Amino acid sequence: MADGYDVPTRKANPAPLGLLGFGMTTVLLSLHNAGITPLDNVVLAMGAFCGGLAQLVAGIMEYRNGNTFGTVAFTMYGVFWMTFVAINTGLFGMGSEGKTVGAYCLVWGIMTLFMFLGTLKGRISSKFVFLTLTVTFFLLAAGDIGGFEVLSKAAGVVGLICGSAAIYSAAAEILEEQNGEEVLPY
């Protein structure tokens, strides 16, 4: 090329970026849901930038790679984090109620269930991440709608497992690409 830069011959895999953005942010929020840490600016900043922006970028990259599932998953969960931050910072000048938050978690749970069904012919790690995320959202919904704090705390524990599994999956994909062979099974 005239500008001295080589054009890459292959496209980068955006999945580890999206998985890390999702996993790391999910772990932080789940620590709060489990009653271990507060919901503070650390969680909200991670939600805005790592969970929201990084996943949105990964979704756009998946679109350019022709991966519909990756596009929908990373873009939608990136937007989830953006809405979560907007809700919890009062961006629109209003508060939120438990039952409304429960309905919010319920619709995300339903969407996640459909996404889980899309993983059934895929990797075990993808199935596990989407299954545990589905359970997390349904537990959060039931806890918020019914006012059962124990269900919200259980969601925190399942969310910690889910987020950790996403981080593991990202690490497995990165290490495989860097080493040219599977290092961690996923």
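Colleague: Is Cys50 buried or exposed?
Modeller: Buried means under 20% relative accessible area, exposed over 50%, partly exposed in between (1.4 Å probe, protein chains only). Cys50 comes out at 17% relative accessibility, so it counts as buried. Just so you know, this is a predicted model, where local features need pLDDT of at least 70 and side-chain atom pairs 80 or more, while totals for chains, interfaces and linings use all residues. Residues are numbered from 1 along each chain as its sequence is written, and side-chain values use heavy atoms, leaving out hydrogens and water.

Colleague: How many disulfides are there?
Modeller: Look for a pair of cysteine sulfur atoms within 2.5 Å. Here the count is zero. For Cys50, the closest cysteine sulfur belongs to Cys162 and sits 15 Å away, too far for a bond. Cys105 has no disulfide either: its nearest cysteine sulfur, again in Cys162, is 13 Å off. Cys105 is buried too, with a relative accessible area of 6%.

Colleague: Which residues is Ile167 in contact with, leaving aside its neighbours within four places in sequence?
Modeller: Contact means heavy atoms within 4.5 Å. Ile167 touches Leu20, Gly23, Met24 and Val27 that way. Take Leu20: it is 147 residues from Ile167 in sequence, yet their C-alpha atoms are 5.4 Å apart. Ile167 itself is partly exposed, at 29% relative accessible area.

Colleague: Where is Ile167 found?
Modeller: Helices are DSSP runs (H or I, at least four residues), numbered from the N terminus. Ile167 belongs to helix α6, residues 149–179.

Note on methods
Helix = DSSP H or I, 4+ residues; strand = E, 2+ residues; numbered from the N terminus.
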